[in-house]
Amino acid sequence: MTNKKFGALLLLLVLFTFGAKAQLTTSVKINEVLVVNEDNFVDDYGKRHPWIELYNNSAGTVDLRGCFLTNDKNNPRKYMIPKGDVLTKIPPYQHTLFWADDQPTRGTFHVNFTLDPNKDNYIALYDADGTTLIDEVVVPAGQKADISYGLDMDGKGKWMVLSKVTPSTNNVTLDSNEKVENFQRNDSWGIGMTITAMAVVFLGLIVLYLVFKQIGKAAIKASQRNAQKAAEASGTKMSANAGQESGEIFAAISMALYELSDDNHDIENTVLTIRKVQRSYSPWSSKIYSLRQTPVVKK
Amino acid sequence: MLASVLLQAAAGANESFMQFLAENIQVFLSYTGFANATPGHFIMLLVGLLFIFLAIKYEFEPMLLIPIGFGILIGNIPFKDAGLQLGIYEEGSVLNILYQGVKQGWYPPLIFLGIGAMTDFSALISNPKLMLVGAAAQFGIFGAYIIALQMGFDPSQAGAIGIIGGADGPTAIFLSSKLAPNLMGAIAVSAYSYMALVPIIQPPFMRLLTTQKERLIRMKPPRVVSQTEKIMFPIVGLLLTAFLVPSGLPLLGMLFFGNLCKESGVTRRLAETARGPLIDVITMLLGVTVGASTQATQFLTINSIKIFGLGALSFVIATCAGVLFVKFFNLFLKEGNKINPLIGNSGVSAVPDAARISQNVGLEYDPSNYLLMHAMGPNVAGVIGSAVAAGILLGFLG
């Protein structure tokens with residue numbers, strides 16, 4: 001039975017781990033593509049080629065090693081992003097650029113295909129298994145030189161011809177904090193914020209109040225049922241406020257018991273406790289494992 | 001002839017050696033605190049000494065004021081900026097590394113873990129309507145927010161300043177590190193200073209806003225709360241509040257987790273660590289680094305003075321809002337169920353100081369009316385309320 005439980009737990013753990021990995025790689029998006037690079041970004045060799053920008057649309061670092069980039073629907077494993085290169089890790093909400101120059105010998109970020117401006121270019125990113133599609137896009141034919149095609153919002157939004165080319169940076173950059181400016185413009189006195197926020201604070205605590213009012217009622221009823229049973233068993237009458245006794249009553253009883261025990265056993269070293277002494281076993285709390293074995297002298 | 005040449009050479013060598021020594025001493029002196037001190041440094045050193053004095057002489061929140069006060073001394077020792085990685089703002093320095101817990105906002109949730117593990121929510125569970133008092137006192141936050149806006153702070157800064165009114169140091173640090181990192185030192189010191197000064201700030205307003213009759217109201221003793229209810233509280237509390245305000249998750253999550261460790265009865269070791277060694281260590285680091293972050297060059301600005309003024313005002317507003325809300329609430333409660341408005345002040349989350357003030361002021365008017373347990377209800381509700389308010393501000397302005 002224990003083995004079964006352990007096995008189930010292990011299975012869940014494995015599934016969770018795979019799920020977590022999948023969730024991370026699927027957050028990568030193809031973000032921007034430049035098909036005709038005449039007077040734009042140059043690579044480390046000083047050459048201009050088409051490029052594909054990927055964007056990590058998550059709050060965690062994603063490692064692209066082992067994933068596949070392709071321009072062929074029938075061949076998802078066309079270019080494997082090499083393993084062992086630390087630069088394949090994309091930090092949260094950041095970008096990485098691949099050069100479509102058909103020269104993979106130039107390094108990790110040079111793929112083994114190129115983009116053709118005269119036809120639709122299919123580009124896809126596959127997970128390390130080579131079958132799970134992470135993201136794909138078809139860049140329409142006839143792209144103009146040095147004008148990129150990308151998402152209007154990084155990692156989301158619609159594909160469109162972008163007004164400015166932004167290799168390895170955000171497609172959209174904000175010159176201001178829109179939220180704050182909105183408050184400055186529409187709520188210069190802060191009344192709106194006060195009303196909204198206080199309403200939410202009150203709402204949260206009112207809901208908590210209502211829930212615990214009901215839980216309290218249920219607890220009092222349960223205590224009354226127990227008191228009723230105890231009264232029936234002992235043949236006494238149940239007290240009117242059974243289940244709602246104040247802590248002061250119990251404190252007074254405890255103090256009286258303690259004093260009684262103190263008076264009667266003033267010489268003995270007794271301690272009155274209401275602490276539960278029975279403990280459930282756990283290897284973490286077991287002293288057995290922290291004890292040193294007694295050395296045995298071999299004769 | 002040879003002797004005189006040797007003597008001249010020795011004299012020359014001696015002279016250059018003496019010059020070398022003098023230059024060295026001059027360089028050394030230029031590195032000392034005396035050579036680099038400014039009036040600002042001395043002002044801040046006096047502030048640090050004042051904090052230490054208040055903590056030792058009057059026992060005003062000594063756990064906070066001693067580390068912060070000493071931190072102010074550490075942070076305001078003048079030195080020459082020579083890339084020696086000494087100051088708290090120099091990347092890679094020891095103080096800077098310790099300061100990351102404040103800057104990145106991970107000390108406050110750990111403090112909340114400890115607070116959760118030491119808080120008994122029984123008073124609140126037995127009389128859940130007291131939660132509303134904790135909500136009302138959050139007006140202090142937004143009152144200060146409104147005034148800060150009028151004083152020219154932008155909404156993010158105003159939100160960070162307003163949170164001082166929550167009377168919750170960790171929450172103030174957490175929020176200001178996200179919304180206005182440049183004001184964090186002043187906000188943190190202001191929040192902790194006023195938390196230490198609640199025995200001075202609150203009682204006059206409590207007396208001013210209540211009548212003799214109201215101060216004598218006796219409340220029903222709280223009923224005994226079952227362990228099941230105590231276990232359910234952190235779970236239900238987390239689910240309800242965090243679903244409503246997910247941005248408050250770091251604080252609320254740790255607060256309720258700590259409380260579950262305490263109430264579950266099976267993780268006593270975890271609870272004891274959280275409310276003992278862990279919170280002690282974090283309190284020390286947080287206090288010292290917050291204090292050290294008040295370097296005169298960064299701290300002594302007009303904005304800091306404004307923040308101190310707004311902080312005091314926010315505490316006053318929070319106290320008044322709590323007391324007045326109880327008076328208003330009493331209009332709808334039956335005789336016998338009424339709440340003593342003297343516990344309204346404890347809606348601010350300075351636990352347990354604010355509750356202790358309710359008790360002390362209550363005892364002044366009726367020596368047998370013990371309000372402490374009742375005041376603990378709104379007091380701990382204030383912790384939840386201020387964390388929720390911080391989450392809202394972060395959500396709107398972050």
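**Close-up views of a two-chain model**

**View 1. Strands β4 and β8 of chain A lie side by side in antiparallel fashion.** In this predicted model, β4 (residues 68-70) and β8 (residues 121-126) of chain A are joined by 3 bridges. Look for A:Thr70, whose bridge partner in β8(A) is A:Ala124.

**View 2. The β4-β8 pair of chain A belongs to an open sheet of 4 strands.** Reading across, the order in chain A is β5-β4-β8-β9, and the pairing is antiparallel. At the edges stand β5 (79-80) and β9 (133-139) of chain A; each has a single partner strand, so one side of each is left without a neighbour in the sheet.

**View 3. Chain A meets chain B through 34 residues of its own, in contact with 41 residues of chain B.** On the chain A side, α2 (178-186), α3 (191-234) and α4 (247-264) each supply at least two residues. The most comes from α3(A), with 20 residues. By residue class, the side of chain A that touches chain B divides into 20 nonpolar, 10 polar and 4 charged residues.

**View 4. Helix α17 of chain B, residues 268-292, carries a kink.** The 25 residues of α17(B) reach 35 Å from first C-alpha to last, close to the expected 36 Å.

Technical notes
Residues numbered from 1 in each chain as written. Chains lettered and ligands numbered in written order. Predicted model: local features only at pLDDT ≥ 70, side-chain atom pairs only at ≥ 80, totals over all residues. Expected span 1.5 Å × (residues − 1). Bend = angle between axes of the 7 residues up to and from the residue. Contact = placed C-beta atoms within 7 Å. Nonpolar A, V, L, I, M, F, W, Y, C, P; charged D, E, K, R; others polar. Pairing = 2+ DSSP bridges.
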